There are 2 protein chains.
Amino acid sequence: MPGLDFDPIERAGELWAEHIGEASAMRFATSVMRVQQVLLSQFDAVLKPHDITFSRYEVLRLLSFSTSGKLPLSKIGERLMVHPTSVTSLVDRLAKQGFVNREHDADDRRRVLASLTPTGKKVLDAATDALTELNFGLDALTVEQQDEAYELLKIIRKANEDWGTTEA
Amino acid sequence: MPGLDFDPIERAGELWAEHIGEASAMRFATSVMRVQQVLLSQFDAVLKPHDITFSRYEVLRLLSFSTSGKLPLSKIGERLMVHPTSVTSLVDRLAKQGFVNREHDADDRRRVLASLTPTGKKVLDAATDALTELNFGLDALTVEQQDEAYELLKIIRKANEDWGTTEA
DNA sequence: ATCCAATAGTAGGACATCCAAGTATTTTTG
DNA sequence: CAAAAATACTTGGATGTCCTACTATTGGAT
């Protein structure tokens, strides 16, 4: 039987420690990857009845939070930390679904502004309810633990520029 | 100017708190997504000269940790928490690159066993050195913070079955 | 004023991921 | 023992992501 007789994640940490001495970084990085997989999988499953993925949900959510109701695609990509081509793809799909409108910015005709349609707003609200009911799959953690983990992750995000872009 | 005048991530948390009361879960989930994006982006950049992605690196690493040196594809998918079709795709690419061998299991001809080639082992070691030098992009966190975050994330993974599969 | 650089978005291609469906093999069951 | 169920993997299709151009528009520099 070629089955594994150990936990490879823990074991990997040990091997790293023996050979390199960077067990904690490796363990942590691997954990982030796995938790992201778990969460994203849950989110997409919950959102599937609403015909959106978590990526597209994030676009809708971002639009709903903007004061003017409209955002240029570049801002969306900046906020969600995704490539400009990904934003084009996401907004295209959302537009085809009738969840967002696309219009050229009169002040800068290079720009394309996306905004929620009434239908998109309804989908967003329903999707948000679904995610809230799921509690984002985080019942295993207390609110205090969630906040604690959030603060730790925030340090990494800060160290990687995912933060101070509020000026633009 | 359609620019944002607030931090949408923090602001999102506030709105959630006002309307729903689940700010911590939403904030945490969003943070996990962003940190994963940041880390994965760094990893792939560092691994690019070695002609592998982080996904393929994880396959190589897993194989190197197995006692027999061989793992059926199903075990790989189970450990890395990816779909069987993803494993097929990854191992196919690694095989084309000459980094892994594929062979049918004599005991159970449904199974396909993957194992590292000498070349694959070299690539794995070089890639590991590169990731170690990067310190997994986690210089912003102390070792204690990394361990602390790891323990919190572990709770989520445990609650989602990414753990007790050691029996198989 | 006019060329040139920077910016915004899009098109095409590669990779990874999932799902649904299909094949092959093994195990279970009646 | 034969049919049904379970398991292991692959194929084809859809999404999302990134990268490398490429177009259009704007802003700066001489």
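By class, the residues that make up the surface near DNA strand C are 6 nonpolar, 9 polar and 7 charged. In this predicted model, 22 residues lie around DNA strand C, and those that come nearest are Ser74(A), Thr88(A), Thr53(B), His83(B) and Thr85(B). Two or more residues of this surface are given by each of α4 and α5 of chain A and by each of α3 (54–65) and α5 of chain B, and the element that gives the most is α5(B), with 5 residues.

Around DNA strand D there are 23 residues, of which Thr53(A), His83(A), Thr85(A), Ser74(B) and Thr88(B) come nearest. The surface near DNA strand D draws at least two residues from each of α3 and α5 (84–96) of chain A and from each of α4 (73–80) and α5 (84–96) of chain B; its largest share, 5 residues, is supplied by α5(A). Sorted by class, the residues near DNA strand D comprise 6 nonpolar, 10 polar and 7 charged.

In chain A, the loop between α4 (73–80) and α5 holds Met81(A), a residue that is not a glycine and yet has a positive phi of about 60°. Met81(A) counts as partly exposed because 17 other C-beta atoms lie within 10 Å.

In chain B, Met81(B) is found in the loop between α4 and α5, and its phi is likewise positive, near 60°, in a residue other than glycine. Met81(B) is partly exposed because it has 17 C-beta neighbours inside 10 Å.

## The sheet of chain A and the helix across it

Chain A contains an open sheet of 3 strands, arranged in the order β1-β3-β2 with antiparallel pairing. Its edge strands, β1 (70–72) and β2 (100–104) of chain A, each pair on one side only, and neighbouring strands of the sheet are turned by 30° against each other on average, direction ignored. The pairing of β1(A) with strand β3 (residues 112–116) of chain A is antiparallel and runs over 3 bridges; within β3(A), Ser115(A) is the residue that stands opposite Lys70(A).

Helix α3 (residues 54–65) of chain A lies across β1, β2 and β3 of that chain, and runs at about 90° to β3(A).

## Arg102(B) and its surroundings

Strand β2 (residues 100–104) of chain B includes Arg102(B). Arg102(B) counts as partly exposed because it has 14 C-beta neighbours inside 10 Å. When neighbours within four places in sequence are left aside, Arg102(B) is in contact with Val91(B), Ala95(B), Val112(B) and Ala114(B). From C-alpha to C-alpha, Arg102(B) is 38 Å from Ala29(B), and the two are 73 residues apart in sequence.

## The largest nonpolar core

The largest nonpolar core has 84 residues, and those with the most contacts inside it are Ala29 and Val32 of chain A together with Ala29 and Val32 of chain B. With its neighbours within four places in sequence set aside, Ala29(B) is in contact with Leu39(A), Phe136(A) and Leu138(A).

Terms used. Residues are numbered from 1 along each chain as its sequence is written. Chains are lettered from A and ligands numbered from 1 in the order in which they are written. This is a predicted model: local features need pLDDT of at least 70, side-chain atom pairs count only at pLDDT 80 or more; totals for chains, interfaces and linings use all residues. A nonpolar core is a set of buried Ala, Val, Leu, Ile, Met, Phe, Trp, Tyr and Cys residues joined through C-beta atoms within 7 Å. A residue is buried if 20 or more other C-beta atoms lie within 10 Å of its own, exposed if 12 or fewer, and partly exposed in between; C-beta atoms are placed from the backbone. Two residues are in contact if their C-beta atoms, placed from the backbone, lie within 7 Å. Two strands pair if DSSP finds at least two bridges between them. Helices (H or I, at least four residues) and strands (E, at least two) are DSSP runs, numbered from the N terminus. Axes are lines fitted to C-alpha atoms, for helices over the stretch in contact, and angles run from 0 to 180 degrees between N-to-C directions. A residue is near a molecule or strand if its C-beta atom, placed from the backbone, lies within 6 Å of it. Ala, Val, Leu, Ile, Met, Phe, Trp, Tyr, Cys and Pro count as nonpolar, Asp, Glu, Lys and Arg as charged, and the others, Gly among them, as polar.
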